[in-house]
Amino acid sequence: MFNEVKKSVQWGEETLTLETGKVARQADGTVIATLGETSVMAAVTFAKSQREGQDFFPLTVHYQEKYYAAGKVPGGFFKREARPTEKETLTARLIDRPIRPLFVDGFKNEVLVMCTVLSHDLVNDPDIVAMIAASAALTISGAPFRGPIAGARVGFEDGEYVLNPTVDDMQDLRMNPDQRLDLVVAGTKNAVMMVESEAYELTEDEMLGAVTFAHEQIQPVIDLIIDLAEESAKEPFDFQPAEYSELYDAVKAVGEDKIRAAYAITDKQERTGAVADAKAAIKEALSEEQLADANLGPALKKLEASVLRGDVVKTGKRIDGRDTTTVRPIVSETGLLPRTHGSALFTRGETQGLVVTTLGTGDDEQIIDALHGNFRSNFLLHYNFPPYSVGEAGRVGPPGRREVGHGKLAWRALQAVLPAPTDFPYTVRVVSEITESNGSSSMASVCGGSLSMMDAGVPLKAPVAGVAMGLILEDDGSYAILTDILGDEDHLGDMDFKVAGTEKGITSLQMDIKVAGITPDIMKQALAQAKDGRVHILNEMSKALTEASEFSVHAPRIETMNIPTDKIREVIGSGGKVIREIVEVSGAKVDINDDGVIKIASPNGESIQKAYDMIHSIVAEPEEGHIYKGTVVKIVDFGAFVNFFGKRDGLVHVSQIENRRLNHPSDVLKEGQEVWVKLLGFDDRGKVRLSMKIVNQETGEEAAPEKKEKDDA
C-alpha cells in the first residue's frame with residue numbers, strides 16, 4: 001500500500017532520519033524529519049499554472065507547533081492551537097528566507113509549505129528539523145527548486161563551537177554565562193543563504209568562524225536529502241522561464257536615460273515619483289503588443305536594477321550621492337516625552353524611529369506557553385511600521401510577520417547588554433514606532449532602543465548600535481559592499497546583512513542572500529566594513545547619551561528582599577488574604593516568586609517601606625535578649641499574654657510583671673495596654689517567655705537589676 005523510503009545519518013550526537021511515501025501522499029512532496037525524538041512533517045503543494053496577471057511569487061510558509069507533540073494541552077480558554085505564536089511566526093520566516101531565492105527565476109505559481117511539529121523531545125529544537133523537512137519535501141516535489149538546503153544551530157561555549165545545542169542551553173543566554181551564541185545558518189552545498197543570531201559580544205572572526213562551522217556541518221544533511229530524492233523524487237515540473245530579451249532591449253532603449261535621471265534624485269519621495277513617471281513614459285513609447293506582454297514588469301525591474309547596480313559597481317557612487325562606506329547623517333535625541341519613563345528619537349537620513357521604554361514590575365512579565373514549558377520574559381521589544389512611515393495610505397492591522405521579525409531582531413541585539421534580573425528587578429518594555437523609513441528601520445530600532453533604555457535609567461553594560469549592509473554582485477564577479485543601505489538598494493541588491501553590537505563585539509547578525517550565496521572573503525569584508533559603520537554610529541549616539549540617566553519620577557521603584565521559602569505561605573496567607581492586606585495598607589505592588597525573592601514596587605518610597613516592614617514582621621524571628629514594644633491581648637490568673645512581634649504572642653508570668661508580689665496581673669495591667677517586654681527565651685515546648693520588670697516601662701530601656709538586702713544575722 002505504501003511506497004515508503006527512509007534514510008538516516010548520524011548528525012552530531014543524534015540520528016537524523018528522513019522518510020516519505022507513507023503520510024500525506026496527495027501533497028506534491030511530504031517528508032517527516034526526525035532528530036532524536038523531535039519529528040516535523042513538511043508538506044509541499046504548488047499550483048501547476050500561474051494566475052493571469054500574477055506579478056509576484058506567492059510562496060507561503062506555515063510552521064505549526066502542536067501541543068500534543070510534547071504531551072501538553074494548550075493554555076487559555078479555547079484549548080486549541082489558534083493564531084501563530086511569535087516562535088511559529090519567526091520559524092516560518094526562518095524557513096522562507098533561504099528557500100525563496102532558490103526557485104527558478106520567473107516561476108510565479110503559488111507554492112504552499114506547511115511544517116507541523118508532531119513530536120518534541122524537549123531537547124532538539126524543532127525549528128531546524130522543520131527547515132530540513134521543508135527542504136527535503138521541496139526537493140522531491142518536482143517544483144523548480146534549485147536546492148536542497150539544510151540548516152544547523154551553533155552555540156559557542158568555552159571557545160568551542162557546538163553543533164545543535166539543546167533547547168535548555170539556548171533557553172536564555174543571559175542566565176547561562178558560559179553560552180555566548182545562538183546562531184542558525186541555512187545554506188546549499190556551496191554557499192550560505194541565511195544567518196540569524198543572538199550573541200554576547202563576539203568578535204568578527206568568532207562570528208565568521210561560527211558561520212563557516214555551520215556550513216561545514218550541514219553537508220551530511222544535504223547529502224542525505226539528495227540520497228532520499230534519488231529514490232523518491234517526482235518528475236520535474238515542466239517550467240521554462242519566459243524569454244523576454246527583445247522586450248527588455250526595447251524597454252532599455254526608450255527608458256534607460258529616464259530611469260537614470262530619476263535615480264539621480266537624492267530625495268526619496270521625489271525619486272519615487274520620478275521613477276513612476278519614467279515608467280509611465282516608457283509604457284507610452286511601447287507598442288500595444290509589448291504593453292500586453294506579461295513580462296513587462298520584470299523587464300522594467302531589470303532595467304531599474306541594471307541602472308542602480310551598474311553605476312554603484314563602476315563608479316562607487318550611490319543614488320543618494322554617498323560612497324560605499326559612508327553612513328547617512330545621524331541625529332539622536334533623548335527625553336522627548338515627559339510622562340514616559342524613557343524616550344529617544346533616532347534619525348538616520350530618511351529613516352527615523354521614536355522609541356519609548358516603560359519599566360514595570362514582575363506582574364508585567366510576559367508568560368510564554370511554549371512546547372517545552374512555560375516561562376516568563378522580563379524584556380519585551382515591539383516594533384511598529386505604520387503606512388505613513390513610507391508616505392503611503394494603507395490598511396492598518398495587527399502586527400504582521402515582518403513586524404514580528406524586525407522586533408525580534410532588535411530584541412536579540414539589545415538583550416545581551418541588559419543587567420541581570422537580580423541587579424535590576426524590572427520588566428523592561430521597549431516600543432519602536434517607525435515614523436520614517438528608507439532602509440534599515442530595524443537597526444534604527446536597535447540604536448533608538450539603546451538610547452531610550454539609558455534615558456529610562458536602565459544600566460546597560462554598553463550602548464548598542466546596528467547597521468545594515470548591502471551587496472551588489474555582478475555576473476563577472478565584480479562587487480560592491482554598501483554600508484547603511486537605502487530601501488531601493490535593499491530591494492534591488494543581492495544581500496541584506498544586518499549587524500548590531502557594542503564597541504567590543506557583535507550581539508546580533510542577520511543575513512539574507514538573494515543570489516546563490518557569497519564567499520567567505522565577501523562576508524569577512526562585509527563584517528569589517530560593518531564594524532567601522534557601527535563604531536561611527538556609536539560615536540554619533542554618544543552625543544546624546546553615554547550612560548544611564550536618573551530614574552523618571554513616574555517610574556516605579558522596586559526593592560527586593562529574600563525570605564525563607566517555608567515562610568512564603570505565611571506572607572501570602574489563606575486564599576491570598578495576607579498579601580492583599582499588605583498591598584491595600586501599604587499601596588505598593590508585591591510580587592513573590594517560588595525562590596523566596598519578593599519584589600516591592602511603588603513610585604512612593606514610604607509605601608515600599610511600609611510593605612517591607614509588614615512582610616518583615618511576618619517572616620522575621622524574634623531574638624532572645626531583645627526588648628520589644630507590645631500590647632496586652634489577654635490576662636489570666638498566672639500572667640498576661642502580650643503581642644510583641646508581628647502576630648507573635650508571649651507570656652509574661654505574674655512573677656515577671658513587677659519587682660513586687662501581685663495578687664493578680666489585673667492589679668497593674670489591662671487588655672489593650674502597651675508595654676515594654678524583654679524576650680527571655682523559649683521553654684522546652686517552644687513557648688515564649690517575656691519579662692516586664694527588667695525593662696523601664698517609660699523609656700523602654702533595660703532596667704538595672706535590684707539588689708536584694710541581706711537578712712540580719
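## A lined cavity

The residues that line the second largest cavity divide into 4 nonpolar, 2 polar and 2 charged, where Ala, Val, Leu, Ile, Met, Phe, Trp, Tyr, Cys and Pro count as nonpolar, Asp, Glu, Lys and Arg as charged, and the others, Gly among them, as polar. These lining residues are L35, V123, N124, D125, I128, R153, N164 and P165, and the volume of the second largest cavity is about 50 Å³. The structure holds 2 cavities of 30 Å³ or more. A cavity here is a set of points, on a 1 Å grid over the protein atoms alone, where a 1.4 Å probe fits but cannot get out, and lining residues have an atom within 4 Å of a point. Grid points are joined across faces, edges and corners, and a volume is the space filled by probe spheres set on the points.

## Basis of the model

This is a predicted model, in which local features need pLDDT of at least 70 and side-chain atom pairs count only at pLDDT 80 or more, while totals for chains, interfaces and linings use all residues. Residues are numbered from 1 along each chain as its sequence is written, and side-chain values use heavy atoms, with hydrogens and water left out.

## Two positions from the UniProt record

Under "binding site", an unreviewed UniProt entry lists D490 and D496; UniProt positions are given in the numbering used here, feature names are shortened, and annotations may be inferred rather than shown by experiment. D490 is found in helix 12, residues 487–492, whereas D496 has its place in strand 20, residues 495–501. Helices (H or I, at least four residues) and strands (E, at least two) are DSSP runs, numbered from the N terminus.

D490 is partly exposed, with a relative accessible area of 25%, while D496 is buried at 10%; buried means under 20% relative accessible area, exposed over 50%, and partly exposed in between, with a 1.4 Å probe and protein chains only. Leaving aside residues up to four places away in sequence, D490 touches I485, D496 and K514, and with the same exclusion D496 touches A468, M469, I485, D490, Q510, M511 and D512. Contact means heavy atoms within 4.5 Å.

The end C-alpha atoms of residues 625–693 lie 14 Å apart, and the span is 0% helix and 52% strand.

K599 lies in strand 24, residues 597–602, and counts as buried because its relative accessibility is 16%. Apart from residues up to four places away in sequence, K599 touches E365, P425, I558, E559, T560, K589, V590 and D591. The C-alpha atoms of K599 and G397 are separated by 36 Å, and the two residues are 202 residues apart along the chain.

## Helix 5 and two buried residues

Helix 5, residues 219–232, has 14 residues and reaches 20 Å from its first C-alpha to its last, close to the 20 Å expected at 1.5 Å a residue, the expected span being 1.5 Å times one less than the number of residues. The buried residues of helix 5 are Q219, V221, I222, L224, I225, L228, A229 and S232.

D96 is found in helix 1, residues 86–99, and is buried, with a relative accessible area of 11%; not counting residues up to four places away in sequence, D96 touches L59 and V61. T188 has its place in the loop between strand 9 (181–187) and strand 10 (192–202), and T188 counts as buried because its relative accessibility is 12%. T188 and H215 are 27 residues apart in sequence and 8.4 Å apart in space, C-alpha to C-alpha.

## Backbone details in the loops

A cis peptide bond joins G147 and P148, with omega at about 5 degrees, and P148 lies in the loop between helix 2 (126–141) and strand 7 (150–157).

L122 is not a glycine, although its phi is positive at about 65 degrees; L122 lies in the loop between strand 6 (111–119) and helix 2, and is partly exposed, with a relative accessible area of 39%. S440 also has a positive phi of about 65 degrees without being a glycine, and its place is in the loop between strand 17 (427–436) and helix 11 (441–455), where S440 is buried, with a relative accessible area of 9%.

Note on methods: On a 1 Å grid over the protein atoms alone, a cavity is a set of points where a 1.4 Å probe fits but cannot get out, and a pocket is an open set with protein on both sides within 12 Å along at least five of seven lines; lining residues have an atom within 4 Å of a point.
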